[in-house]
There are 2 protein chains.
Amino acid sequence: MTLDRADVARKDPGWVRELVQRPDARLLAAGPGTVLADGAQPALARLAPARGRLPDPILLGLEQGAPLFAVDLDELSDPTAGGPAGDVAADAGVVDDAQRVISLREAGTTLPPAEAGLAAYVSALMNWHRRNRFCANCGAPTALTDAGYSRHCPNCGADHFPRTDPVVIMSVEHERRLLLGRRAGAPEGRVSVLAGFVAPGESAEEAVVREVLEESSIVARDPEYVTSQPWPFPASLMLGFHARSDAGDPISADGELAEVGFYELETVRAALRGDESTFKLPPSISIARYLIERWVARAGN
Amino acid sequence: MTLDRADVARKDPGWVRELVQRPDARLLAAGPGTVLADGAQPALARLAPARGRLPDPILLGLEQGAPLFAVDLDELSDPTAGGPAGDVAADAGVVDDAQRVISLREAGTTLPPAEAGLAAYVSALMNWHRRNRFCANCGAPTALTDAGYSRHCPNCGADHFPRTDPVVIMSVEHERRLLLGRRAGAPEGRVSVLAGFVAPGESAEEAVVREVLEESSIVARDPEYVTSQPWPFPASLMLGFHARSDAGDPISADGELAEVGFYELETVRAALRGDESTFKLPPSISIARYLIERWVARAGN
């Protein structure tokens, strides 16, 4: 992403009001797991907002110096609704044939990486605002602050910030076999590496060992960090690890997985090739897929 | 930590009610950044709860098979208050001379690692309950569920889970010098490595580069993960990285740091030795200290 988030300057409401008036200001729109894409090119739709008609501006940042704001798709969906939201919609001329609503997954596979990253960012932020209109501490309605980077409670004074949940996701190997599971409720044949939320008070490495034990009864050791990826469903930070196991008899322990087992290198390689006769692995945009491909590349040598 | 958190079994309220009745059930108490410690030995105080008198049991887990619950220190502080909380307190016989309230920082330096980890866990969990009595989605009061691992809103149906904020913290080096800063408001001479929250929609590696740029104007490259640590002030997951910089002229950019600069290896080494003539580094329990010590050990070779 090549966006300047203006973390400091955004605290000045006067500066933000000026940005709203700028002729080069643009708007991105997002809903729950969706974004508004340009119909003609692989990019997000950049709408021209009605000047001065953003009563609660959510500033994503500056894009090559031009202010980029966000709006909830719901506020665009009914231009006849009236009120500030309807005004924004009517003047922005949305949604017309030039744009279409796509899922974040589609954004991840069809848009260039920078645009896909922007889609994840705007969707996560809008989802947080949608689900946090009240103060968890006292129950009073909260107000948008810092141009959308926080919400303030005028009743108890609490400040609330967007939440990002750390999740560990890990390839676990035992004798050139890889631990994969199928989530309860997932379609037949759809498997992936194991994953779970980091619990309060534990390190990421402890979470790896605990989750693998809980979901498969396997004792993982030596978790090594691989890489991380934001995952906006709704707002997670995926922390990818690789670990080893000395035993090879997984049992679905906590009911989260319908099936769990160690899969032979050749079987996993065939699934990566898309061999229809085997099982299905996660899509190429996911860190899960990356961990699996990385393991195959290394185990194959 | 050698605690079985009973992630699955805890969803059964009948099982949890039975645990409350068990004669080997124990209670830990925590307040904001504090825990109740045993006065005689380096351990947390394990109180015997009044049997069946935990109306809203928060189950930490099973410790060698024995149920371990948590209670807010505030509910123990006035045994004469009456009501369920007062009952718990009166029967538990708290707080007497055998226990004392200590800070989490003291817990981190004086207790064995497993007890310090437990202190972080109970404090983070109790703090979350204290600050989340209402539904952020609709403002209604929420009820404790899953024996303390979630809260449910009976009004809109939303489920709420404890929040853990991912934070990146990084040693950044340039020509055998280390980037250190003093937070605005911190005492003179107290410096540390830079750190900041991961923002929605960015990877941990992107957060490292963005935070270093925002706080010091330095362009960091090649962030490498080192290790992680839970940090219960109030509930963060610290993700430790090491990165490099090609330029060596830091400027405090966003106002978060009062001073920032590159420090020579010998100066940092002297500060680690506790040399009074130099500046002060973070305490030994922190991942910040670990990153600094690790850099000195490697740069010194």
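Let me start with how the two copies in this predicted model relate to each other: chain A can be laid on chain B with an RMSD of 0.1 Å, by a turn of 180° and a shift of 0.0 Å along the axis, where the superposition is by least squares on the C-alpha atoms of residues with pLDDT of at least 70 in both. The two copies are thus related as by a two-fold rotation axis.

A word on conventions: residues are numbered from 1 along each chain as its sequence is written, while chains are lettered from A and ligands numbered from 1 in the order in which they are written. Local features here need pLDDT of at least 70, and side-chain atom pairs count only at pLDDT 80 or more, whereas totals for chains, interfaces and linings use all residues.

How many residues bring the chains together? In chain A, 40 residues are in contact with 40 residues of chain B, contact meaning that the C-beta atoms of two residues, placed from the backbone, lie within 7 Å. On the chain A side, α5 (113–130), β10 (165–173), α6 (204–216) and β13 (220–231) each supply at least two residues, and the largest share, six residues, comes from α5(A). Helices (H or I, at least four residues) and strands (E, at least two) are DSSP runs, numbered from the N terminus. That side of chain A divides into 22 nonpolar, ten polar and eight charged residues; Ala, Val, Leu, Ile, Met, Phe, Trp, Tyr, Cys and Pro count as nonpolar, Asp, Glu, Lys and Arg as charged, and the others, Gly among them, as polar. Because 98% of the interface residues of chain A are also interface residues in chain B, the copies meet through the same surface.

Finally, confidence: chain A averages a pLDDT of 88, and 91% of the residues score at least 70, pLDDT being the predictor's confidence in each residue, from 0 to 100. Over residues 79–94 of chain A, however, the pLDDT is below 50. Where pLDDT is low, the predicted coordinates should not be read in detail.
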